[in-house]
Amino acid sequence: MMETELHDVKPVPPKGHVISPDSPSSASPVDDASQKDDRPLLKSDSCSSSSGRISAESLEELNKKFAAFARHDVYGPLGRGELPLVEKLLLGVACVTLLPLRVVLATLILFFYYLVCRICTLFSAPNRDEAAEEQEDFAHMRGWRRTVVVSCGRFLSRVMLFVFGFYWISESFRDLEQEQSPPQGKSSSQNDGKIQSQRPERPGAIVCNHVSYVDILYHMSSSFSSFVAKRSVGKLPLVGLISKCLGCVFVQRESKSSDFKGVAGIVIERVKESHEDESAPMMMLFPEGTTTNGDFLLPFKTGGFLAGAPVIPVILRYPYQRFSAAWDSISGFRHVILLLCQFVNHLEVIRLPVYYPSQEEKTDPKLYANNIRRLMAREQGDLVMSDIGLAEKRIYIAALNGNNSLPSVLHHKDD
């Protein structure tokens, strides 16, 4: 729901991809994972359409070519695979016991925190940016108001994670000070930057891979960072005010609007402000621009690196046995239901030291972004770097839904 697209709202497909004019990437580019899906949960028609069903061979080829978005859990593609009898029974029991309890508790927590934010923002005017339309937030709050909003937000976010089944969160901290020699074939100016924990400079942003909307709750509980969110989030009941107290920057994903440069400018200013002012909220960046299944790193967009400030790389993983918490190619409503029906969910967090960019990286945001991406992939050895992105994700989901207007969908290059 809060996938950032600071550099390209519509990523250009890699060379060799042929997309027909009526492709989803050229039509209404609404977030795939959030599209309404009212079909029954247990109906296994994930690969069917009015014109037929995708064969097992075609599905295997699709999953290979769009591996970053393929689901491999018990529920299969789009969360609609044929379930074993035992899984159906477990899901049925959870739907009438665990699901309603968690929904009620989560609603109470959300409403309570909304009241906290409402009280703390009384008689306080929000920030408004004239350069970017509809930008409004309470990131400027200081004193007891900010203390209450942040403290309650962090605590209640962790409680919400507990309600969702994330009872234990495994966090590890990597010390990379002994790994500063540049890799073979790279000059010192092309290595993975300077990771110097002893330097007193404050980081300007947290950079993280994007796997699920649960990422938001974790980062709220750990650092209460500001996010880049879709403009519609700011208008949602309850959540809208909370997102403004977080200091979120709102963007219009549907098109490259005229205020795009204004929004990017706000993000750069926020990163610089966080870098220079310890009382300012830190920015949380998901530079991939969309969610994956957690096994891949997509190309990083450069918008969040334009400020040239130090960043904290963070890697999130969601181990699973039955249902994957990754919000890759499954509808939002279905994903929430199945996640809440799983008694235990797992989250692993790897925090890397503050990354201090070299002078060359400061002047070349693309180099900076690529070096951070390589560092994260190297430190989490089973993360694979892929060159596909949001455009390919839309093609993949359209193909799973049986969209035959994409004749080239099965002929994309192998990753």
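This is a predicted model: local features need pLDDT of at least 70, side-chain atom pairs count only at pLDDT 80 or more; totals for chains, interfaces and linings use all residues.
Buried here means under 20% relative accessible area, exposed means over 50%, and partly exposed is what falls in between (1.4 Å probe, protein chains only). Residues are numbered from 1 along each chain as its sequence is written, and side-chain values use heavy atoms, with hydrogens and water left out. Helices (H or I, at least four residues) and strands (E, at least two) are DSSP runs, numbered from the N terminus.

**Salt bridges**

- A salt bridge needs a side-chain nitrogen of Lys or Arg within 4 Å of a carboxyl oxygen of Asp or Glu, and searching the whole structure turns up nine of them.
- One of these joins Arg 71 to Asp 328, with the closest N and O atoms 2.8 Å apart. The partners come from distant parts of the chain, 257 residues apart: Arg 71 is in the loop between helix 1 (56–65) and helix 2 (85–96), and Asp 328 is in the loop between strand 11 and helix 8.
- Arg 71 counts as buried at 5% relative accessibility, and Asp 328 is buried too, at 1%.
- Asp 73 joins in as well: Arg 71, Asp 73 and Asp 328 are linked in a network of salt bridges.
- Glu 87 pairs up with Arg 322 at 2.6 Å, N to O. That's another link between distant parts, with Glu 87 in helix 2 and Arg 322 in the loop between strand 11 and helix 8, 235 residues apart.

**Aromatic pairs**

- Rings of Phe, Tyr and Trp (its six-membered ring) pair if their centres lie within 6.5 Å; planes under 30 degrees apart are stacked, over 60 edge-to-face, and the rest tilted. The count by this rule is twelve aromatic pairs.
- Take Phe 166 and Tyr 318: their ring centres are 6.1 Å apart and their planes sit at 80°, so this pair is edge-to-face.
- Phe 166 lies in the loop between helix 4 (143–163) and strand 5 (169–173), and Tyr 318 in the loop between strand 11 (311–317) and helix 8 (332–340), so the pair ties together parts 152 residues apart in sequence. Both residues are buried.
- Phe 162, Tyr 167, Trp 168 and Phe 343 make up one aromatic cluster.

**Cysteines**

- A disulfide is a pair of cysteine sulfur atoms within 2.5 Å, and the count by this rule is zero.
- Cys 120 is in no disulfide, and its nearest cysteine sulfur, in Cys 117, is 6.9 Å away. Cys 120 counts as buried at 2% relative accessibility.
- For Cys 341, the closest cysteine sulfur is in Cys 95 at 3.7 Å, which is too far for a bond. Cys 341 is buried, at 6%.

**Helix 10**

- Helix 10 (residues 365–379) has 15 residues and, at 1.5 Å a residue, should span 21 Å; its end C-alpha atoms are 21 Å apart, which agrees. The expected span is 1.5 Å times one less than the number of residues.
- Eleven of its 15 residues are buried, so helix 10 is largely enclosed by the rest of the structure. Among them are Tyr 368, Asn 371, Arg 373 and Glu 379.

**Two leucines with positive phi**

- Most residues other than glycine have a negative phi, and most peptide bonds are trans.
- Leu 78 has a positive phi, near 60°. Leu 78 is in the loop between helix 1 and helix 2 and counts as buried at 6% relative accessibility.
- The C-alpha atoms of Leu 78 and Leu 400 are 7.8 Å apart, although 322 residues separate the two along the chain. Leu 400 lies in helix 11 (residues 390–400) and is buried at 0%.
- Leu 238 also has a positive phi, near 65°. Leu 238 is in the loop between strand 7 (228–230) and helix 6 (239–246), and is partly exposed at 25%.
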